[in-house]
Each structure stands twice: as C-alpha cells, then as structure tokens.
Amino acid sequence: MDFPALGLTIRLACVTTLVLLVVATPLAAWISSGRGWGRRVVQAVVALPLVLPPTVLGFYLLVGLGPSTAVGRVVVAVLGHPLAFTFSGLVVGSVVYSLPFAVQPLVAGFAGVDWGLVETARVLGGSPWVVFRRVVMPLSRMSFLMAAVLTFAHTVGEFGVVLMVGGDIPGVTRTLSISIFDQVQEANYSGANRTAIWLVMLSFVALLVVYARGGLRRGAEVG
Amino acid sequence: MHHRLAVRGDVGALRLDVALEMNAAWTVLFGASGCGKTSVLRAMGGVLPGAVVSFARPGLGGGWVELGGKAPDCRGLGYAPQSGALFPHLSVRENVGFAYSVCADPPQEATIVDEALSLFRLHALCERMPRELSGGERQRVNLARAFATPNACLLMLDEPFAGLDRGLRDELLPGMVEWVRGRGVPVVSVTHDVDEAMLLGAEVVRMESGKVVAQGAVGVVLAEERVRMLRNLG
C-alpha cells in the first residue's frame with residue numbers, strides 16, 4: 001500500500017475543496033443572480049472540464065503556466081519556480097478540473113432559494129452581503145455539502161490532469177490513482193487492488209455523507 | 001403628505017403608470033387582483049425590476065428626500081409581503097427580530113421585538129419554526145416582522161389580514177392602529193376586500209389596470225362598491 005500517495009491525495013482533495021468553495025461561492029452567486037449572455041458564457045466556460053479530455057486540460061495548464069507565457073513568468077517571479085511538477089501545480093490543476101463540480105450544485109442551490117424571501121430581507125434592511133449570509137447560505141446548505149463532497153471525491157479520483165501537470169514524483173505529485181497506474185504497469189495487481197480499495201472507500205464514504213444528510217433532512221421535514 | 005410615488009413600467013402584461021401622494025396615517029391600495037397593487041409596494045421597496053420609480057419623503061430641512069435611487073435596505077421600510085413567506089430556517093422570534101438584527105443603527109434596547117410579539121400574541125410561539133405554524137399564525141409572524149422594523153418611516157402591508165379570521169382581525173386591528181399612531185409611522189396596505197377597507201376607515205387609492213382611478217376618503221371612493229356589496233348580501 002502506497003501510504004505517501006494516500007496522504008498526498010487526501011491533502012490535495014482537502015486543499016482543492018477549500019479553495020474551490022471560496023472561489024465557487026461568489027461565482028455561483030453571480031451566475032444565479034440574473035440572466036444575460038455574460039453569465040451564460042461564463043457558465044459554459046466553467047462546465048468545460050466536464051466534457052474536455054483531462055489530458056487536453058492538463059496540456060493547456062502545463063503550457064499556460066510554463067515559463068514561456070506571461071502568467072507563467074509571473075508565477076516564477078512570485079514563487080521562484082514554475083508550477084509544473086509541484087504540489088501547488090496539482091492544486092491549480094485540480095481547482096480548474098473540479099470547478100464545475102463545485103459551481104453547478106451551488107448555482108442550483110442559490111437559484112432554488114425563494115426570491116421573495118431575498119426581496120423581503122432586502123426591504124427589511126439587510127444589505128446584499130447580510131442577506132446572502134443570513135438567508136441564502138443557510139437555505140442552500142445542502143448545496144454547499146454537495147459541492148464540497150463532489151469536489152473532494154472528484155479530486156481523489158483525478159488522473160489525466162494530475163499526470164500532465166504533476167508528473168509522477170513520489171511524495172510530491174504521485175496520487176493514489178497514479179500509484180495504481182504504476183502498480184499495474186509493474187504487474188503488481190495485488191498492490192493495485194489494495195490501493196484501489198482505498199479509492200473506493202474514500203469515494204463511497206463521501207457519497208454516503210451526502211445521501212445520509214439528504215435522508216435526515218427529509219425525515220426532519222416529515223416529522 | 002408623508003410620501004409621494006411615481007411608477008412607470010411594464011410588469012408582465014400589465015403597464016403600470018401610477019402617481020400618488022400619501023397623506024393619511026393609513027392608506028389603502030384597493031383594487032381587483034392583478035391591477036398592480038403589489039407591484040406598487042415592490043416599487044416602493046426598490047425590488048420591482050424594469051420600472052422607473054420616483055419615491056420620496058419630506059426631509060428635515062423642508063425639501064424632499066428621493067428614495068428611488070437608494071438600495072432597498074436604505075429606505076427605512078417595514079414590509080409584510082403578500083405570500084407571508086417567513087424565513088424557514090429561523091424561529092418565530094428570529095423572524096420577528098430579523099430587521100432589528102440586520103439594522104445598521106439599531107436602538108440600544110430590542111424592546112420593539114418583544115412589543116411586536118406581544119401585539120400579535122406570539123410569545124407562546126417564540127421558539128417554534130415556521131413549518132410548525134398554522135396559516136393564521138404565519139401571517140401574524142409576517143405582520144409582527146414588519147412592525148418590529150426599527151427606525152421605519154413607512155410600513156407596507158400586502159393583504160395584511162389574509163388568512164386571519166375576522167374575529168382575530170378585529171381584535172388585532174385596534175392595537176395595530178394604536179402602534180402606528182403612537183410611533184408616528186404611516187402605513188400603506190393592500191386589499192381587494194371592501195369590508196376591510198371600510199374597517200380601516202383610511203384614505204383609499206383605487207386602482208384599475210395599473211392606474212390610479214380614484215383617491216380619497218373610503219366612504220366616497222368605495223361608495224358604489226359598498227352598495228353593490230350590500231345588494232349582493234341581500
């Protein structure tokens with residue numbers, strides 16, 4: 001069992017989930033707050049990772065963050081090294097790749113909040129931020145849970161983007177999915193099986209959290 | 001005159017073109033369903049998209065303070081919407097205290113919340129959640145939430161007695177009138193019920209198809225309606 005890869009995968013999934021909740025919340029609030037072409041274009045861009053092959057995304061990230069581009073040069077100037085083949089690079093890649101898994105549940109959650117409640121809260125004296133914090137966020141808490149769990153589970157299972165951006169450096173960028181790939185390449189099927197079981201368990205527990213919460217909520221409403 | 005309003009714009013299929021001056025302590029917008037009464041309240045609240053709104057109240061120096069360009073939370077309004085939609089994740093006390101809790105400049109003592117709970121006889125229900133309330137109880141919380149708005153310059157009540165039986169309405173009304181008179185806060189409410197408008201004895205603004213067709217004392221503006229209602233009663 002590749003425990004360093006397990007630790008790295010969990011760390012990557014946790015950091016990606018936290019970063020994405022911070023990034024996706026205002027983005028989803030903006031998308032769900034109105035209509036218009038601007039919002040639709042941004043929504044389509046956010047959803048691109050759902051349909052693009054991970055290798056395509058990984059390739060553009062690798063090139064885009066490399067020293068030959070302006071963004072890459074800024075990164076090198078700030079960090080002192082390029083993002084490719086580092087843990088930070090993995091986080092950037094994971095954030096982009098899992099963006100729709102965080103944004104889409106939040107958009108659905110925010111759009112499902114009764115607009116009449118928001119209007120009433122505004123007229124009763126709540127500023128936009130206060131109304132978002134006191135009314136919209138509590139009423140879409142299941143969407144936050146869904147976004148967090150899906151992001152976490154999706155990051156745990158990443159392969160193509162991680163391999164393209166991070167390579168396969170033990171202890172630095174080798175995640176569980178890459179470790180399985182390596183073990184299969186070496187015909188170490190029993191090792192691959194032990195590692196794969198960890199992935200299955202992590203994903204199952206994450207999804208169980210969502211469904212258990214949904215069941216509890218329905219029970220509370222019926223009662 | 002305590003407020004003046006001009007609204008123009010299309011709301012769905014309705015063309016709203018309203019100009020009115022509110023003089024009385026209690027003004028009733030009266031009209032059939034769909035004539036634009038609720039839209040007028042939403043325009044005053046700053047939450048009616050697509051309408052050109054001029055809404056003003058007298059300032060301290062004698063001029064007028066234009067509210068039309070201000071954000072909804074900066075207009076000094078208490079509001080009980082028609083749907084009576086309460087914040088489902090907040091208890092009755094938290095719903096009633098919502099305006100106080102978000103007020104940027106609240107009075108030091110939160111007595112207004114307890115007084116509103118008493119006025120609408122909600123103390124026994126304080127810790128309940130909205131899903132545990134009957135329709136009439138929800139409407140009382142809706143009204144209490146509007147009345148408990150600190151520093152309100154106008155209360156807007158949309159169908160305030162919908163869902164309340166007449167006996168309870170008649171019991172609550174004197175206290176409500178006393179509350180707004182005592183605090184000097186004018187009220188504008190919406191109804192399509194002649195009996196309710198008569199009971200309030202207020203100034204009535206009669207609306208039809210998005211326009212004001214009459215304004216004045218209730219006995220004058222709704223005289224024909226009253227005769228028709230009495231005739232129908234036999």
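Biologist: Is strand β9 (residues 203-208) of chain B buried or exposed, mostly?
Modeller: Largely enclosed by the rest of the structure, because 5 of its 6 residues are buried. Buried means under 20% relative accessible area, exposed over 50%, and partly exposed in between, with a 1.4 Å probe and protein chains only. Keep in mind that this is a predicted model, where local features need pLDDT of at least 70, side-chain atom pairs count only at pLDDT 80 or more, and totals for chains, interfaces and linings use all residues. Residues are numbered from 1 along each chain as its sequence is written, chains are lettered from A and ligands numbered from 1 in the order written, and side-chain values use heavy atoms, leaving out hydrogens and water.

Biologist: Which strands does β9(B) pair with?
Modeller: Strand β3 (residues 26-30) of chain B runs parallel to β9(B), with 4 bridges, while strand β10 (residues 211-217) of chain B is antiparallel to β9(B), with 6 bridges. Pairing takes at least two DSSP bridges between the strands. Strands (E, at least two residues) and helices (H or I, at least four) are DSSP runs, numbered from the N terminus.

Biologist: Which residue in β9(B) is the bridge partner of B:F30?
Modeller: B:R206. Towards β10(B), B:V204 is bridged to B:G216.

Biologist: And what does B:S209 do in the hairpin of β9(B) and β10(B)?
Modeller: B:S209 takes a positive phi near 50°, in a hairpin with 2 residues between the strands.

Biologist: New topic. How many residues are in the largest nonpolar core?
Modeller: 63, and those with the most contacts inside the core include A:V103, B:L29, B:M44 and B:F55. Helix α5 (residues 87-111) of chain A gives the largest share of this core, 10 residues. A nonpolar core is a set of buried Ala, Val, Leu, Ile, Met, Phe, Trp, Tyr and Cys residues joined through side-chain atoms within 4.5 Å.

Biologist: What is B:L29 in contact with?
Modeller: Leaving aside neighbours within four places in sequence, the list includes B:L20, B:V40, B:L41, B:V188 and B:V205. B:K37, B:S189 and B:T191 are among them too. Contact means heavy atoms within 4.5 Å.

Biologist: Over to chain A. How many residues of helix α10 (residues 176-185) are buried?
Modeller: 7 of the 10, so helix α10 of chain A is largely enclosed by the rest of the structure.

Biologist: Which ones?
Modeller: A:L176, A:S177, A:I178, A:S179, A:I180, A:D182 and A:Q183.
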